[in-house]
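This report looks at a surface patch and at some backbone features that deserve a careful reading. The sequence and structure come first.

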Amino acid sequence: MAAWDVLRNAWFLLIGVLLAGYSLLDGFDLGVGALLPFLAKTEDEKRWLIAAVGPVWDGNEVWLLAGGGALFAAFPLAYATVFSGFYLALMLVLFALILRAVSLEFRAHDTARRGLWEAAFVGGSVVPALVFGVALGNVVVGVPIDAAGEFAGSFFTLLRPLPLVFGLLGLCAFLTHGAAYAAVKTSGELRERARRTARTMAVAFGAAFVLSVVMVWIYLPAALGKIVAWIFAAVVCLALVLFLAALKKGRDGRTFALSSAAFLGLWGIVGAIQYPNLVRASDPALSLTVRTASSSALTLKVMLLIALVGMPLVIGYTIYAYRVFKGKADAGGAGY
Amino acid sequence: MDAVFLARLQFGLTAGFHFLFPPTTLGLSLLIVIVESRYLRTKNEVYKSLSAYLVKILGTVFVMGVATGIVLEFAFGNNWAAYSRTVGDIFGAPLAAEAVFSFFLESVFLGILVFGRNKVSAKSYRLSAVLVFLGAHLSALWIIIANSWMQTPAGFRMEGGRAVLDSVWKAAFNPSTVVRFFHTILGGWTTGALVAMAIAAWLMLKGQAAEKAAVLMRTSLVVFAASAILQLGSGHAHSIQVTRTQPEKMAAFEALWKTMDGAPFTVFGIPDEKNERTLLAVRVPRMLSMLVHFTPNGKVLGLDEFPRNERPPVLLPFAGYHLMILIGVLFIVMGLAGLWLRAKKTLERSRGYLKLVLWTVPLAYLANETGWIAAEVGRQPWAVYKVLRTSEAVSAVVPAGNILFSLVLFAALYALIGTAGLGIILRTIRGGPGDEEAGVRKGEF
């Protein structure tokens with residue numbers, strides 16, 4: 001029994017790692033996508049930004065598939081409840097991700113409908129960046145769940161104040177991260193614009209963060225007693241302050257690292273508040289926890305083996321690919 | 001319309017549309033590895049430019065596969081929550097493993113193939129091609145492990161209404177995994193190779209890029225013919241496996257209403273399920289028994305052996321199975337004819353053959369789809385054979401209206417990206433293999 005619990009906790013952590021990895025990597029290309037019309041003024045600048053994410057966005061998005069697959073395998077009951085319960089919201093995300101996946105390739109080659117595919121890229125980036133936070137806010141603040149473990153709310157249950165503010169916070173974090181990445185990969189006027197945007201977004205990030213803490217205080221006061229959450233909150237604040245300082249000095253690499261750190265801090269807070277719940281129920285006795293929602297010990301063990309063999313390889317060749325495309329992106333937009 | 005039907009329709013639409021792309025990727029990635037390896041050995045620019053040409057096409061095919069594949073990763077939770085709860089202990093793991101071992105590999109190294117020709121050495125580039133090939137095939141392996149477990153579940157026990165994993169090995173390599181894996185990848189190789197042959201044929205008919213077209217035709221023809229011939233063996237082995245492990249499915253494939261010693265093979269017919277007979281049947285006596293038992297009097301179980309509520313529908317599996325076999329046989333003939341024309345050195349001038357190649361491309365896709373339809377409809381009424389009924393596998397909390405709404409949107413979205421994607425692929429093909437510095441796609445915005 002004890003070994004099973006260790007495995008369950010390991011998977012709680014690992015799914016957090018996969019989702020955090022997703023937000024760090026796909027986070028910047030979602031941010032660049034959402035900011036495209038604000039950062040780029042000319043077709044050349046658009047191509048430049050697109051070239052900065054073109055070779056890597058697809059690999060980044062796989063982190064979401066890995067996280068989703070791992071949730072299915074490790075905690076099938078949570079996967080089933082959330083994905084069927086949040087049906088319409090997640091369909092919205094799926095439509096956005098479908099359009100986004102084809103948008104860059106199609107924008108480059110289907111010139112007659114370039115505007116449509118560009119809108120698909122921008123919209124397909126904004127929608128997930130917003131909805132992920134709303135969905136996470138819901139499982140954190142708690143949703144109505146019946147005795148069978150089924151979601152007992154409606155679409156409008158999802159649109160409560162705390163989840164909406166979490167959505168806003170997530171969006172700000174993605175935009176900050178995307179702007180920081182754009183500054184790393186470009187130069188000149190475009191880079192300056194990215195840096196100005198990054199500053200605005202980081203300030204908005206801070207404001208949304210304070211608002212989120214207020215929301216937690218109102219709707220989930222018990223969470224204020226978690227010391228670890230406060231430590232991660234301090235990490236977020238510190239990272240944001242250092243982010244602004246590094247931005248001022250023009251240290252693009254460091255600003256990107258700091259927006260990553262702020263993102264990790266957010267995940268730390270969520271993990272600390274949430275453990276051992278995966279989906280908090282309005283009636284705490286019905287919450288789906290690492291214990292009540294997990295797969296068997298054997299499945300968790302096999303999955304752990306898969307992760308321990310597979311993820312170091314993934315991280316290794318992902319680093320290789322980023323090194324191949326390191327430095328400023330090709331301003332000519334070679335590739336598409 | 002009830003939720004079960006709509007959920008099935010939605011899964012059928014999303015998986016069926018998705019299944020246009022991965023088989024193409026399997027075949028094209030194999031050809032790219034072959035062409036890149038030739039380039040590495042000979043340093044002949046013809047290979048380099050052909051590889052760039054195929055990579056461009058693969059790039060478009062791949063993003064469409066990604067776009068339509070995301071839906072499937074989450075579909076089990078969205079529409080099939082009861083399924084996910086009941087068998088998640090076993091079914092989730094291969095999906096997660098597919099992401100970890102395949103999707104990352106494919107995505108990261110396809111990025112290098114499409115964007116990195118001038119950023120990595122020729123050897124690293126070829127290695128990237130090999131890794132994309134490997135990723136695509138591993139992906140097929142994982143998803144077929146998952147799907148085969150639904151067909152012939154093994155390595156588990158039932159505990160409190162949930163399937164619990166007992167043996168990883170038995171669950172992964174259940175009785176149908178290996179044969180279905182080979183059957184599927186051979187279908188992919190045939191498809192990708194036929195697409196490449198058709199491109200070469202089109203260039204030949206137009207009199208464009210003669211040398212490159214000849215090289216492309218040679219390479220893809222060999223892969224096509226070999227895959228089509230090997231498919232005969234894998235298809236046969238698969239049919240024997242189905243007869244042994246899912247006899248009612250084979251009975252549906254063959255519209256065999258009653259158990260028979262010395263069962264015939266039905267070449268053509270229209271199954272009339274209500275009256276349990278086959279109209280306009282053309283049968284070869286004893287051939288089914290010969291094929292699956294290697295003896296003319298072997299006993300083949302008919303649908304009458306099974307309770308009515310455990311029988312699959314007959315019409316779709318029968319039609320799908322026979323159409324697939326018919327196309328398979330045509331491809332073997334086409335492959336052999338191509339090799340014969342090549343030996344005579346008249347292939348480039350055989351306009352009739354080249355046109356045949358061009359016009360039969362949709363048949364490769366039809367064969368993949370009909371084979372898949374036969375396999376999945378033939379599994380009904382079970383989501384997991386003899387473990388969980390499809391009707392008990394759906395999400396209890398998702399109203400039919402929501403499924404219909406998303407179904408309509410998926411259909412519209414797929415129509416849009418399907419036509420746009422096909423347009424782009426055709427335009428890329430019409431552009432021909434370039435003479436420019438291969439791998440750099442400039443001036444195409």
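## Surface patch and backbone features

Helix α10 of chain B holds Met290(B), and in this predicted model Met290(B) counts as partly exposed because its relative accessibility is 40%, a value that lies between the limits of 20% for buried and 50% for exposed. Met290(B) belongs to a nonpolar surface patch of about 830 Å², whose other members include Val267(B), Phe268(B), Leu280(B), Met287(B) and Leu315(B). Two or more residues of this patch come from each of β4 (265-272), β5 (277-284) and α10 (287-293) of chain B, with β5(B) giving the largest share, four residues.

The loop between β4 and β5 of chain B is the place of Glu276(B), a residue other than glycine whose phi is positive, near 50°; at 21% relative accessibility, Glu276(B) counts as partly exposed. A positive phi also occurs at Lys43(B), where the value is near 60°, and this residue lies in the loop between α2 (21-42) and α3 (45-79) of chain B. Lys43(B) is likewise partly exposed, at 48% relative accessibility.

| Residues joined | Omega |
|---|---|
| Tyr275(A) and Pro276(A) | about 0° |
| Gln380(B) and Pro381(B) | about 5° |

Pro276(A) is placed in the loop between α10 (252-274) and β1 (277-279) of chain A, while Pro381(B) lies in the loop that runs between α13 (361-377) and β7 (382-384) of chain B.

Technical notes:
Residues numbered from 1 in each chain as written. Chains lettered and ligands numbered in written order. Predicted model: local features only at pLDDT ≥ 70, side-chain atom pairs only at ≥ 80, totals over all residues. Heavy atoms only, no water. Patch = residues over 30% accessible without salt bridge, like charges linked within 9 Å, V, L, I, M, F, W, Y side chains within 5 Å. Areas by Shrake-Rupley, 256 points an atom, 1.4 Å probe, with all protein chains shown as cover. Salt bridge = Lys/Arg side-chain N within 4 Å of Asp/Glu carboxyl O. Buried < 20%, exposed > 50% of the residue type's maximum accessible area, 1.4 Å probe, protein only.
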